[in-house]
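Notebook open, model loaded. I'm jotting down what I look up as I go.

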Number of protein chains: 4
Amino acid sequence: MTDFFAGIPKIAYEGPDSDNDFAYRHYDPDEIVMGKRMEEHLRFSVAYWHSFAWEGGDPFGGQTFQRPWFGDSMDHAKMKADAAFEMFRILGQPFFCFHDVDVRPEGETFAENTANLDRITDYFGPKMEETGTRLLWGTANLFSHRRYMAGAATNPDPDVFAFAAATIKSCMDATHKLGGQNYVLWGGREGYETLLNTDLKREADQAARMLSMVVDYKHKIGFEGTILIEPKPQEPTKHQYDYDVATVAGFLQRYGLDKDVKLNLEQGHAILAGHSFEHELAMAASLGMLGSIDMNRNDYQSGWDTDQFPNNVPEVALAYYEVLKMGGFETGGTNFDAKLRRQSLDAEDLILAHVGGMDVCARGLKAAAKMLEEGKLEAARTARYAGWESDEAKAMLGSSLDEIAARVEREQIVPQPKSGRQEILENLVMRYV
Amino acid sequence: MTDFFAGIPKIAYEGPDSDNDFAYRHYDPDEIVMGKRMEEHLRFSVAYWHSFAWEGGDPFGGQTFQRPWFGDSMDHAKMKADAAFEMFRILGQPFFCFHDVDVRPEGETFAENTANLDRITDYFGPKMEETGTRLLWGTANLFSHRRYMAGAATNPDPDVFAFAAATIKSCMDATHKLGGQNYVLWGGREGYETLLNTDLKREADQAARMLSMVVDYKHKIGFEGTILIEPKPQEPTKHQYDYDVATVAGFLQRYGLDKDVKLNLEQGHAILAGHSFEHELAMAASLGMLGSIDMNRNDYQSGWDTDQFPNNVPEVALAYYEVLKMGGFETGGTNFDAKLRRQSLDAEDLILAHVGGMDVCARGLKAAAKMLEEGKLEAARTARYAGWESDEAKAMLGSSLDEIAARVEREQIVPQPKSGRQEILENLVMRYV
Amino acid sequence: MTDFFAGIPKIAYEGPDSDNDFAYRHYDPDEIVMGKRMEEHLRFSVAYWHSFAWEGGDPFGGQTFQRPWFGDSMDHAKMKADAAFEMFRILGQPFFCFHDVDVRPEGETFAENTANLDRITDYFGPKMEETGTRLLWGTANLFSHRRYMAGAATNPDPDVFAFAAATIKSCMDATHKLGGQNYVLWGGREGYETLLNTDLKREADQAARMLSMVVDYKHKIGFEGTILIEPKPQEPTKHQYDYDVATVAGFLQRYGLDKDVKLNLEQGHAILAGHSFEHELAMAASLGMLGSIDMNRNDYQSGWDTDQFPNNVPEVALAYYEVLKMGGFETGGTNFDAKLRRQSLDAEDLILAHVGGMDVCARGLKAAAKMLEEGKLEAARTARYAGWESDEAKAMLGSSLDEIAARVEREQIVPQPKSGRQEILENLVMRYV
Amino acid sequence: MTDFFAGIPKIAYEGPDSDNDFAYRHYDPDEIVMGKRMEEHLRFSVAYWHSFAWEGGDPFGGQTFQRPWFGDSMDHAKMKADAAFEMFRILGQPFFCFHDVDVRPEGETFAENTANLDRITDYFGPKMEETGTRLLWGTANLFSHRRYMAGAATNPDPDVFAFAAATIKSCMDATHKLGGQNYVLWGGREGYETLLNTDLKREADQAARMLSMVVDYKHKIGFEGTILIEPKPQEPTKHQYDYDVATVAGFLQRYGLDKDVKLNLEQGHAILAGHSFEHELAMAASLGMLGSIDMNRNDYQSGWDTDQFPNNVPEVALAYYEVLKMGGFETGGTNFDAKLRRQSLDAEDLILAHVGGMDVCARGLKAAAKMLEEGKLEAARTARYAGWESDEAKAMLGSSLDEIAARVEREQIVPQPKSGRQEILENLVMRYV
């Protein structure tokens, strides 16, 4: 056992007026919101990589964190797991997520990697049992190792495709073994640095083929979780193929995969793609593809992925509004794909960053639920489109340009615009947040 | 006849060493490039709106241009046409493009608009005959009038949909009458200002329905041109549905319209969507959807559509490389969707901006053609993916994750990365531009 | 009297639980915050231009608003003033701001403009008296008319400089006459479209000379208000000279004007310059130059000035925190430089947008005040720098590189980093907003 | 001696038609341009860090390059130096630049670092002699080590300030010893991650104090090179104090350092600050502060520092135009602060990236020189401001607002705008590039 978190108490709900840093002010797992416990709504998850594997480096500086578990051996991996589950216990976190490379030492060969992954996931089992922490999703890191520098599924070298495919298989096996609820693919290197050496069509075909194999393998092993793609427009590559919700939806449809795959959406990635988070959520929901979320925030003035803990309730509320409106998460949840600032060196920074993020989400969820339950926003939306419910309007959609033109001319239709009432709706939202 | 361009000579090709401002240095319409006259490759087109209808305003200031044809009457419209065709003659421009509102006075009703459009297009006919200028594409302006403030096809009011549909019909009729080679739809207001009052699913259905009617009407009237959608991510709206190539491709597939509609791509819109122009072109070409281009440039430091004339040969060369690689334009062409800076007040500014832009495009085309003919870039690209031509690699694509994993383990595959040679390829391109 | 606002009641404070749209939930002008009435803290002001002169146009569409006072005559100007003061009365707004062109019809000559301005400001006098609305600041619009297309003070044509100087004089006179508390200069065209035709040094000298004349004239007429420059990085021009706080501060120092001029800071302009609003406020405060604020928000996904009403309390709270920390406004205030979305057509949109914005600001102010009064954030900041209070540290600042190097070597100093505690401080802020 | 570059010939000028990859097509060091050898104009420099110390990592992946000299010992450092000077020889590069940490192993203490730096710079001496490569500038890396995570000069801990000051001293000593022509300060961590824990005023004072000590120490040791600050707006920090030229100029003036310090400007940093490179150059030149340049390009679609080799002649030509217009470099030069893409693994990538970059710069310089010599652009600029040369205009600058207003009224001045001729000037530039 590591004593990294020594002295930090288990976090409990104490209500908004608490003066205790180590308490939830808004997140009470048992509070009922829209007929369901808050814990079951939010389905919080810790991201193993940011919290336990990341060393604090950035493009201009190296490691700042000093953790006893940093190192390349299986013993280090176990110490890291001890610390991780200790944190899950302290936070009462119901879920976690991991990449293979976060949890196991790197081997020389695929076989060695797989064996390492087996050993460490065996080590996880009893700990998950003991703490009650479940696996929200597993994934394979197919972007950090130099072999993936030119892509995994989309690599010009078929051997890399093979190595990636094998690695995905072992990670799906591990996820399945641990009862994971989803399996995620983020194509950090599935993109290009320059069009000059890139064949877009061929790479798209390769990516689709890999994804089909993933879907097939899921069925083969009886994995009942959801396959999720996580869009991101760029970084590390100049252009990443899974740019945003609309792009991925088009890709999935083109290759007949839209029934088998959903999306894991991240606030920071939405921002980098030029969208608001709620846009990506609403778009995915409108296509029936919203699976899970990576909750963080991106600094609005930074042009790279800052992966900060959320701290803005009005924004978070609009995100959960979309989630609740589509009926809430099924297999998905709220994964804190957020990392400490590299100056936040201490164990208590790690704990309290999560505490703060969970409280912000809890406030957002409660505001969203109230907004949805009171129904004023949806009533206004419905009223705006009411004209389309008339028989005449519906008939028009079944007619033709020339028939419509004839009618416009005949009836001398001169439409009169009506107020969109944006500020009034924003005022309405403001009452809840 | 207006004497707006009085004293400006017809522009002729004089070669790169000419000292005459009013000459082409690089654009020789008759020069043969890859077996075709340059004019037939580039298919230049003047945008009626920027050159003749725009008054020089911006969000912080009003009209700067003083043109004798500014005004709301049919006489003004005719004087505008006189000036336009005079410019086409001076430039030897083979094509032009227009929106209905650019060319006709605004009426009180749809019927009046249609009558006005008929009259002015009748006036165009002999002029087109005389100058030899053809119509690259026509389009309906469904974004400037206040009735469209909340969208045309996607408007919450079915009467606006009707008015828009009728207007499209009349514009398709006019385009057909004038022998237009394409019909373009740019959805400047098909998007939203706030999600709070927006139903994404419903609006997408409406947009798709309108587009289907357009395709049907095309067949009904025997219009043989191409239907083109022009993507843009935002501006004027916060979010425009036809965000970029990938988004529009997904939309078209979702509604079964991808065989009937291609894309008109604009450099400035690509930039606003976070892409390079060549990205959008290559992406569209890889999907078989590249129809035509709007040639301009966007200031890289301005977050809005600056629609400037192109002035960077290395960039333009990469654009035409994609066009030539897909076999060149069919019905499409190079439309200068570029406007004078609002301080460029004079007739000669208007002429010389086009002359400069045409020369930049000609240099770009010739560089691209040479690069393609010499084949070094394509040879390097092919070599990079050569591994995928082996039987084993092809077989792998037909296998499964577990079979691949077994092989990786059995053969102890440890892929070795190879250089992507980006700088060397950039050096290669540099030899041509 | 116009009946534009007919039926809209005077807005009163009803508290957070009110169900009345036409009520303040958080803004109670008489509530005491840090020893001062809230009204005196916030010093709200309506921007005449957005609320009464703007017609709803954007770069792709024209007028959407239909106001009875739109028109070019003095009668229209008076009707506009009637409506404006009616709105000030309804809102209980203590201040307003205007440009000359917002309030008067445009004349053919400078003399006519001045006469028109005199007449309308005479018309304002009794209305201000009656409603108690005061003038926060006046300013000259030196950017909309085509004569200013290449700059006002920085124009290459000295006649434009002259016309601008004369216009500023008349606007300063008007501001003085009406008891204005500040005079603002926003250099919307003081910048460039292209460096190719621009002489940066010369234009900076011209701008400085104009500003010196403004300062001199202020003293000459005994105007006791503050002269404020409003930074903005770009739009309408590609580059605007008054880019941001740091740039303007450098300019003022270079020309010896930093004692005579302060800054009017706008959220949207900060965002366009790549800064957070609180950055610009903190930077100005650290230089003793924070004068007044233009309160709005910029859509984070739009690359142009969106000038929306504020709706995010956590952000607004951080802004007022900087204001309160420097001791609150002196002559400055909170001007709503925010415009309705162009689809918000109705009188109630105009009223309720202000009501919502005022409530957001009131919540932000109260949160900021509490945060400052409780002192935890400032205590943490002080503690972080405590090491610098030692005599040794102070002495070091007076020494030299070689002395310090000798000491580092002698004492074998190896500094140990301490946590920056960012997330913990963000959690702290979260308790107040 | 390493054989890393084995088989790569010394690069010689072969002219534009050469088919040899390993040749200069445009850079002929001895070609006379505006009366000076091209080598003396451009003063090319290799950046030791990117070419020899960077391992190919990015935020999502680790080392891709495998260099025999990677390692932490003095032997590795010497092998690195061997390779570096071998590359300088191959390229015929006249200059190089380095940070302390690029060239020496990291020690446990300041004393050990200094000793290591002494040893390796002793090792450099004969190599510089032999190859004729000189030191363009030296600098201290005060951003990578975790001790600097919260700043160097601006750190809240005075011990870090001390360690940084000592390190600067040792780097200035090393630079002086090697005959360096400039000493550069880039404040990669002089900024903040959050305003919540930051005291802007105090940090600015600390930075200024450190800079004063640098200037004092320069004089003390008789270093005749130029002290240069390198602006950058952000990355790694959220906000970096030396944001851009205007910001740094203001800072230097505020603390009386503007006579002692000039600027080292980088294209990529200009882009991140929302400026064109030529803007930053022109601004610095107008203030007499343009010292040296870091030549690279930033991908226009990436929001972080991409540090790519330049490949766009039209852009580079405008940069050198500003350099030539101010009279050319004095102590400054063209440092390739550009790194290979991390997929460019091979020795020949490293060589050819520089060859390509040098050729692009050579073309840019020659175009700029011709443009300046022919004088058309400057003549147009002068003509535009000609009105200001009249006695009346000059007198106006010495008068006052009320005198000017009286004259405008009396003379009924109504200025008439003239064309800014932007496109015509762009066409002119196009003839040279």
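I looked up Asp102(A) and found it in helix α4 (residues 100-103) of chain A; helices here are DSSP runs of H or I with at least four residues, strands are E runs of at least two, and both are numbered from the N terminus. The model is a predicted one, where local features need pLDDT of at least 70, side-chain atom pairs count only at pLDDT 80 or more, and totals for chains, interfaces and linings use all residues. Residues are numbered from 1 along each chain as its sequence is written, while chains are lettered from A and ligands numbered from 1 in the order written.

Asp102(A) counts as buried because it has 21 C-beta neighbours inside 10 Å; the cut-off for buried is 20 or more other C-beta atoms within 10 Å, with C-beta atoms placed from the backbone. Leaving out residues up to four places away in sequence, Asp102(A) touches Tyr48(A), Trp49(A), Phe52(A) and Ala53(A) (contact means C-beta atoms, placed from the backbone, within 7 Å).

Next I checked the record: an unreviewed UniProt entry lists His99(A) and Asp102(A) under "active site", and such annotations may be inferred rather than shown by experiment. I placed His99(A) in strand β6 (residues 95-99) of chain A. His99(A) is buried because 21 C-beta neighbours lie inside 10 Å. Beyond four places in sequence, its contacts are Trp49(A), Thr139(A), Ala140(A) and Asn141(A).

Then I traced the sheet: β5-β6-β7-β8-β10-β12-β13-β14 of chain A form a closed barrel of eight strands with parallel pairing (a pair needs at least two DSSP bridges). I also noted four bridges between β8 (182-185) and β10 (226-229) of chain A.

Methods. A residue is buried if 20 or more other C-beta atoms lie within 10 Å of its own, exposed if 12 or fewer, and partly exposed in between; C-beta atoms are placed from the backbone. Two residues are in contact if their C-beta atoms, placed from the backbone, lie within 7 Å.
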